[in-house]
Amino acid sequence: MSGSSVKAIRAMVLAGLAVCIAPTGTAHAQFRLWPQYGPWWGHHAPARHKHRHRHKKPQASKQEPARVANGPLQIIVSIADQRVSVYDNGALIARSAASTGVPRHPTPLGVFGVIGKKRWHRSNLYSAAPMPFMQRITWSGIALHAGVVPGHPASHGCIRLKEDFAVRLWHLTRLGTRVIIVPNDVQPVEIANPRLFASKQNAAFDPPEPRAAIADDPIMTAANPPPNADAQHVAALEAQGSSRAAVAPRKVAPISVFVSRKSSRLYVRQGFTPLFDIPVTIRDPEQPLGTHVFAAIGLRTDPALRWTVTSMPENSPRAPEAVKQRTPGRQIAQGTPPSPDKANAALDRIEIPQHVVEHINQRLTPGASLIVSDHGISPETGNGTDFIVVTR
């Protein structure tokens with residue numbers, strides 16, 4: 001083949017390649033410069049597949065906390081300090097940051113108790129917001145639960161806890177565990193007063209078995225209080241209440257006593273069930289008593305009991321302070337114990353009939369409590385609750 005023929009063939013091949021490549025290059029250029037989105041999209045980013053990020057349910061650690069309470073637990077929530085403190089048998093065992101309600105949705109102050117527990121719960125009031133390791137303290141929606149703790153009030157009234165702390169606390173508490181919400185931090189202090197009840201029995205004590213978690217949807221109303229009784233009917237009412245308290249009693253539930261200056265009455269519950277209530281005499285009834293929570297503490301095998309008292313401060317809370325994080329393992333400092341003078345003064349003004357005192361003494365065990373308050377029983381008190389007293 002001559003050289004001219006080779007050159008002709010090469011020219012034809014190059015021309016053909018040019019024809020094939022040109023459309024491809026043009027099309028590619030047009031694809032890059034073509035407006036990808038019409039007027040509806042404007043300059044928004046390209047549409048992407050949207051994944052629904054579901055809240056992952058927190059899991060408790062595989063190794064459950066080994067700690068068991070030695071005596072009655074008491075949880076104290078301080079609004080001003082934005083922290084929660086846990087006391088076991090009167091001694092501080094744990095403390096952590098918390099986040100309480102904002103001014104438009106304040107956390108109520110007062111004396112409460114754990115009335116329901118669920119590992120995983122969603123709010124019935126606020127767009128099904130997650131409330132893991134929830135511990136309900138009112139029927140109207142206030143609870144302790146794991147959540148975001150920014151160092152200042154941020155909730156709709158609940159007490160948010162850090163997740164690891166919420167998990168451990170959830171495993172430690174039982175239904176009925178006392179929760180005290182105060183404007184400024186307080187702590188239990190030992191108290192001795194001849195008007196406090198004294199144990200007259202040597203029965204072994206163990207807290208009642210945890211009941212099934214209480215339904216979340218219905219808001220229960222307070223149970224009707226038992227009929228008023230004169231002193232001579234106390235034993236009959238108590239027997240009637242005891243028969244309702246437990247179908248098959250196996251363990252002794254602690255007794256709870258509440259004295260209200262507002263109603264001038266003494267109320268008694270055991271195992272969350274009303275036993276009886278009677279009138280009491282309060283000297284200088286126009287003068288406030290304050291709100292004081294007395295707790296009987298001691299070993300389960302020792303009939304000798306001691307008492308502690310937690311007195312709620314009467315002033316408004318300070319501005320919440322930033323919570324300083326504690327290094328794990330550091331000793332928890334309790335500071336200077338408060339004086340029980342106001343609690344002693346309140347007890348000295350209350351006159352309880354002696355035979356009623358004897359009835360209570362016969363049933364006194366570790367975990368028993370006495371609440372003295374200027375307020376009455378809250379409507380939150382009902383079936384499945386201890387006494388609930390809301391002070392604000």
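A residue counts as buried when its relative accessible area is under 20%. Thr 177, in this predicted model, comes in at 9%, so it is buried.

Where does Thr 177 sit? Its place is in the loop between helix H2 (163-172) and strand E9 (178-182). From there, the side chain of Thr 177 gets to within 2.8 Å of the backbone oxygen of Arg 174. Setting aside neighbours within four places in sequence, Thr 177 is also in contact with Leu 73, Ile 75, Phe 112, Gly 113 and Val 114.

Ser 140 is the next residue to look at, and it belongs to the loop between strand E6 (134-136) and strand E7 (143-146). Its relative accessibility is 37%, so Ser 140 counts as partly exposed. Which side chains does Ser 140 touch through polar contacts? One is that of Thr 138, at 3.3 Å from side chain to side chain. Another is the side chain of Glu 380, at 2.5 Å. Ser 140 and Glu 380 are 240 residues apart in sequence, yet their C-alpha atoms are 7.7 Å apart in space.

Now for the chain as a whole. The protein chain has five helices and 19 strands, and 43% of its 392 residues count as buried. Take the contacts between residues at least 6 apart in sequence: 70% of these join residues at least 24 apart.

Technical notes: Residues numbered from 1 in each chain as written. Predicted model: local features only at pLDDT ≥ 70, side-chain atom pairs only at ≥ 80, totals over all residues. Heavy atoms only, no water. Helix = DSSP H or I, 4+ residues; strand = E, 2+ residues; numbered from the N terminus. Buried < 20%, exposed > 50% of the residue type's maximum accessible area, 1.4 Å probe, protein only. Polar contact = N/O pair within 3.5 Å; in protein donor to acceptor, adjacent residues only side chain to side chain. Contact = heavy atoms within 4.5 Å.
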